Amino acid sequence: MEIIAKGISKRFFRKAGESNYFFAVKECDFSLPEAAVTILTGHSGSGKTTLLSMLAGLLAPDAGLVSADGRNLYGPDDRENSAFRGRHLAVVPQGRAVLDTLNVLDNCLLGLRLAGREAVDSIAKAEEWLDRFEILPLRSAMPRELSGGELRRVMLIRALMTEAEVLFADEPTADLDEENTEKVLEALQTAAHQQQKTILIVTHENEALKIADRVFRMNKGEIVPA
Amino acid sequence: MKRLAVKNLLGRPGRTAALFFLVLLLSLTLCGGGLVLSSLRTGLGSLENRLGADVIVMPAKAALKTDLDTLFLQGTIGPYYMNMSTVDKIAKTEGISRLSTQIFLSSMRASCCSIPIQVIGFDPESDFTVSSWLKESRQGSLDEGRLLVGSRVNANPGESIKLYNISCPVAGQLQPTGTGLDTAVYCTLPTIRTLMTAAEDLGGYSSISGDPSETVSAVYIKVKEGVDPKDVADSINVHVRKVKAVQTRSVITTVADSLSGLERILTLLIIAAAVLVWLVLFAAFTLMTGERKKEFATLRLCGLSRGRLAGLVFREAAIVSLLGSAAGVGLSFLLVHAFSGALGNALGLPFLLPSAGTAATLALAALFGCLLAGPLAAAVSARKLSRADTGLILREG
C-alpha cells in the first residue's frame, strides 16, 4: 500500500491569537512506497512526529491531502476512516500508548480485537512475538509493572499483530538495549522486505539507518535531502 | 467492547467505586425520598380509612390535656374516662346514625405487665372503626380474654401477653396502619373491663373512678346522611356536660395540611439533592476526560471510531449506573423499612409503606432515572473525548 501526501501543512498556535503560530510541517509532498523502509530523521521539533501523525491518519492537516492507495485518509465519514486505519495502518507512537486496565497479552491483541479480526491462533502468535522480544514471562503483567523498553516492545507487537500493510514507528528503539534494538529493527526490515509492508520509521538513532531503503531529514517543517 | 468496558471498570476500582457511590447516592435520594413521600401519603390514607367516624367525643379533661392529633396518631387519649350515662345523653343527639364506644388503658412498666402498651377495648357489635380493619387483616372473632396485636407489637399469635397479672393469649396480628395504632393491642369491652379491675386492684389507675363496667374513654359517632358533622359536634358540646366533641375531618385536614407542607419541602429537598449529586457526577466524568485522554487516544490509534469510543464511555457509565442505582434502590427499601417507625415518630405524621405495586413503580422510576443520569452526565465528556485529535494527544507525550 502506498501512502502519498500532497502539499500538507500543519500549524500550531504558541498562544491564543491568530498571528502567533508556527508551521510544524509546511507544504510537504511526500510518499511512502510499498515493501520499503523509509527513515525520517531530524532535530527535535523539526516536525517529524507531526508528519508521521498526519500520514498515519491521526492528525488532520490544515492544508493538503493524504491518501493511501488513492483513498483520502481524512474523508468525511469517521467510521469508515477509523475502520480503514484499524485494518490497514498500524502505529507505534513515541509516548506511552497502552491501556492500563489490560495486561500485556490483551494489549498486544487490542488492535486485532477492536478490528474484530482475532483468530484462533492469535494468542499463540502474540506469545511468539512476546517470546521473540524476550517479554513472554510478562504476558500477564499490567503495564504499570513494565519498563519503558518493555512497553515499547508491547506497542510494537500490537502493531505487528494487526498485519496492517503500513506500519508507522516513532522512535521504536528508544529505551531499548543493543540486543533488543537489533531484534526490533530486524522485525521491521523483515516486515518490509518479506511481507511487502510499507514502513516509516522516525528516529534519532543512527543504528536504524542500517535497515533503511530511503532516508529523509526534516528541518523546520520541511523535508530536505539526508 | 463489552468486555473492554468491564475490564476498564475493574481495572480502575477507585474511580469505579466513586462513580458507583455517586449513582447510589442519586438513586437513594430519588427512591428513598419517593418512598418517604409515598409512605406519608399512604399513612394519611390509612388514617382516614381507620377512623371511619365523623365525630369523636372524649372527656373534657382529656381534650384539655391531649393534643387532638395525638388521638388519631397514637390511637388513645390516655387514662381519662366518662360515665355510661354520658353516653346515653350523647346518643340522644339529633343526626346520629351509629355510635360506638371504646375504652383505653395503658399497661404498667412493672412486673405485672409483659410490655408497656396501650390497650384499646371496643364493642364488636356496634364498632365501625376497628372491625373493618380486622376484616382486612383477616382475623377471626375475638373471644373474651384474647387480644389482637398491632403490627409493631412484638408478639405472635399463639403467644400470651401478661397485663396486670392476667395472661392474655394473642389471637392474631393486624395489618400496619402507619400510626400509633400499630403499637396498641385490641380486645373486647368485657376483656378490657376485666383488665381495668385488675389495674385498679394493683393501684395502676387511681383515675378510674366508679364501676369499670360503667365507664368508657371515647365515643365514636357516624352521622346520618345529609347531616353536617359540625352540627352534631356543636350540639353535643352545648348539651352534654364535661365532654368535648370533635370532627375527625378537621383533624384529618390538619394532618393533611402538615403533610402537604412537608411534602413540598421534601420534594424540593429531593430535587435539590438529586440535582447536586448529578452535578457532582457530571463533574466527575468531566474530570475523567483529562485523565483518560491518553487511553482514548490509544483506542483511536487502534482504529476505534469516535462513535464506538463514545459508545464505550456510555457503556461504562451504563454499567456503573445500573449497579449503583440497583444498590441505591435496595438500600432505600432497607433503610425506609428499618426506620419507618422512627421516621413516622420524627415527622409526627402517619407513616405507612406503600403497596408492592407503588413501591415497584417507584423503584423502576428511580432505576430508570439513574440509568439515564449516568450516561447523560458522561455525554458531554464522551463527545469532547471523541472530538479530540489523536495525533495532538500523542504529540503531547
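This is a predicted model: local features need pLDDT of at least 70, side-chain atom pairs count only at pLDDT 80 or more; totals for chains, interfaces and linings use all residues.
Two strands count as paired if DSSP finds at least two bridges between them.

Six strands of chain A build an open sheet. Their order is β6-β7-β8-β3-β9-β10, and the pairing is mixed. Strands of a sheet pair through backbone hydrogen bonds, either parallel or antiparallel. From one strand to the next, the twist averages 25°.

Start at the edges. β6 (89-92) and β10 (222-225) of chain A each have a single partner strand, so one side of each lacks a neighbour in the sheet.

Now move to β3 (residues 36-42) of chain A. In the sheet order, β3 stands between β8 and β9. Five bridges join β3(A) to β8 (residues 198-202) of chain A, and the two run parallel. Here A:Leu40 lies opposite A:Val202 of β8(A). Five bridges also join β3(A) to β9 (residues 214-219) of chain A, again in parallel. On that flank, A:Gly42 has A:Met218 in β9(A) as its bridge partner.

How many of the residues of β3(A) are buried? Seven of its seven residues are, so the strand is mostly covered, with buried meaning under 20% relative accessible area. Both faces share in this. A:Ala36, A:Thr38, A:Leu40 and A:Gly42 point one way from β3(A), and all are buried. A:Val37, A:Ile39 and A:Thr41 point the other way and are buried too.

Notes. Residues are numbered from 1 along each chain as its sequence is written. Chains are lettered from A and ligands numbered from 1 in the order in which they are written. Side-chain values use heavy atoms; hydrogens and water are left out. Helices (H or I, at least four residues) and strands (E, at least two) are DSSP runs, numbered from the N terminus. Axes are lines fitted to C-alpha atoms, for helices over the stretch in contact, and angles run from 0 to 180 degrees between N-to-C directions. Buried means under 20% relative accessible area, exposed over 50%, partly exposed in between (1.4 Å probe, protein chains only).
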